[in-house]
Amino acid sequence: METKLSYRKIIHVDMDAFYASVEQLDSPHLKGKPLVVGGSEKRGVVAAASYEARKFGVRSAMSGSLAKQKCPHLIFVKPRFARYKEISLKIRAIFYDYTDLVEPLSLDEAYLDVTKNKKGISSASVIAREIRNRIWDELQLSASAGISINKFLAKVASDINKPNGQKTIAPEEVIDFLEKLPIDKFYGVGKVTASKMFSSGIFTGLDLKKRSLEELTKLFGKSGAHYYNIVRGIQHSQVKPDRIRKSIASERTFKENLSSEIYMLEKLHQIADELEYRMKKEKAMGKTLTLKIKFSDFTQQTRSKTLPTFIYRKKDIMPLVQKLLYQEALKNSVRLLGLSFSNLNTHKKGPIWVQLSFDF
């Protein structure tokens, strides 16, 4: 007797240019104009770019000065994270109408496991379309979605018909899709890894699939097994509704570069105040404190210290910060400083596993 294979139904919902779209929603005079959230003409980093700005090559994580060079009539808008979070919670409420298995990745994207859903809808593609329509009808914002049998494929699929579209990769299409997929389109394969793959003759999923597990492990260490599996459509990572926050951070980019450790310590006191506030808000403590330093040439350095006990108060943070700052001489003036706690006192909950028949 032939056994029907079982698959999960995973949706990845990704809001389109979320921060920028919210700004255009709240300020109609900005609609249709190239704008970025964050940064400025002289300082800072772009947090998000509208699609009008992207046409000029402006991207998130780009310096404000470079963004301005690419698009001279670019509009800079200060971020309003409280507003973005407010909208994000409304979007999430829509998700919960369909499933409790929602794993937020950030304010503007999430995974949903709709294998067994509250509406009793058999098609994950129909659910994704309903969710996107509701987000537009209720919030006047557009979203894109990817639908497939695991998180990796859903994430890749959500990028294919952006903005305001969706893509389904059905079970019988998975292998063919992956074999044809350019290697730099694989989620998690960044520029450095892609370059290494290119130099090894790996340009597509099919090229990757031809390599043995031993070869890939030799080339990419522990990640080799991950690449070996995903190109075969194998990924067991579940949608985790109680996803544990791994770190809490606070950082600042300065209008003028700092060249004196005394001035840096003054700024770090302010950053530590904010970090303590965020730790209290999250009811968290941490064992590992990390100092992040971004220099004027945009190179970055981190220095960390792990303690035997949990801390969160500024009075305990600052002695460690001072030691980390003076740990070695600074090679250049500094444009950004940040502090973060990891190794938090959070406890993982048991995973929720749902595996039923698939109907796209």
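1. Leucine 112 touches Lys9, Ile10, Ile11, Val13, Phe95, Thr99, Leu101, Val102, Ile131 and Val239, leaving aside residues up to four places away in sequence. Contact here means heavy atoms within 4.5 Å.

2. On the basis of the note: this is a predicted model, in which local features need pLDDT of at least 70 and side-chain atom pairs count only at pLDDT 80 or more, while totals for chains, interfaces and linings use all residues. Residues are numbered from 1 along each chain as its sequence is written, and side-chain values use heavy atoms, with hydrogens and water left out.

3. The largest nonpolar core has 34 residues, of which Ile11, Phe18, Phe95, Leu112 and Ile135 touch the most other members. Two or more residues each come from S1, helix H1 (18-26), strand S2 (35-37), H4, S6, helix H5 (124-139) and strand S7 (143-148). H5 gives the largest share, six residues. A second, separate core of 30 residues includes Leu258, Leu265, Tyr312 and Leu339. A nonpolar core is a set of buried Ala, Val, Leu, Ile, Met, Phe, Trp, Tyr and Cys residues joined through side-chain atoms within 4.5 Å. Buried means under 20% relative accessible area, exposed over 50%, and partly exposed in between (1.4 Å probe, protein chains only). Helices (H or I, at least four residues) and strands (E, at least two) are DSSP runs, numbered from the N terminus.

4. The structure holds one cavity of 30 Å³ or more. About 70 Å³ of space lies in the largest cavity. A cavity is a set of points on a 1 Å grid over the protein atoms alone where a 1.4 Å probe fits but cannot get out, and lining residues have an atom within 4 Å of a point. Grid points are joined across faces, edges and corners, and the volume is the space filled by probe spheres set on the points.

5. The lining of the largest cavity consists of Val13, Met15, Ser88, Ile91, Arg92, Phe95, Pro104, Ser106, Leu107, Asp108, Glu109 and Ala110. Strand S1 (10-15), helix H4 (81-96), strand S5 (102-106) and strand S6 (109-113) each give two or more residues to this lining, and H4 has the largest share, with four. By class there are seven nonpolar, two polar and three charged residues (Ala, Val, Leu, Ile, Met, Phe, Trp, Tyr, Cys and Pro count as nonpolar, Asp, Glu, Lys and Arg as charged, the others, Gly among them, as polar).

6. Some backbone points deserve a look. Lysine 162 and proline 163 are joined by a cis peptide bond, with omega about -5°; proline 163 lies in the loop between helix H6 (151-158) and strand S8 (166-168). Alanine 61, not a glycine, has a positive phi near 75°. Its loop runs between helix H2 (51-54) and helix H3 (64-70), and alanine 61 is exposed at 63% relative accessibility. Glutamine 140 is likewise not a glycine and has a positive phi of about 60°. Glutamine 140 sits in the loop between H5 and S7 and is partly exposed, at 42% relative accessible area.

7. Which residues of helix H8 (residues 191-199) are buried? They are Thr193, Ala194 and Met197. These cover an arc of only 100° around the axis, and so lie on the same side of H8; the arc is that of the directions from the helix axis to the C-beta atoms. The buried residues of H8 pack against helix H9 (205-209), helix H10 (213-220) and helix H11 (223-230). Exposed Lys191, Val192 and Ser199 are on the face turned away from the buried side of H8. Glycine 201, with a positive phi near 80°, follows H8.

Note on methods:
On a 1 Å grid over the protein atoms alone, a cavity is a set of points where a 1.4 Å probe fits but cannot get out, and a pocket is an open set with protein on both sides within 12 Å along at least five of seven lines; lining residues have an atom within 4 Å of a point.
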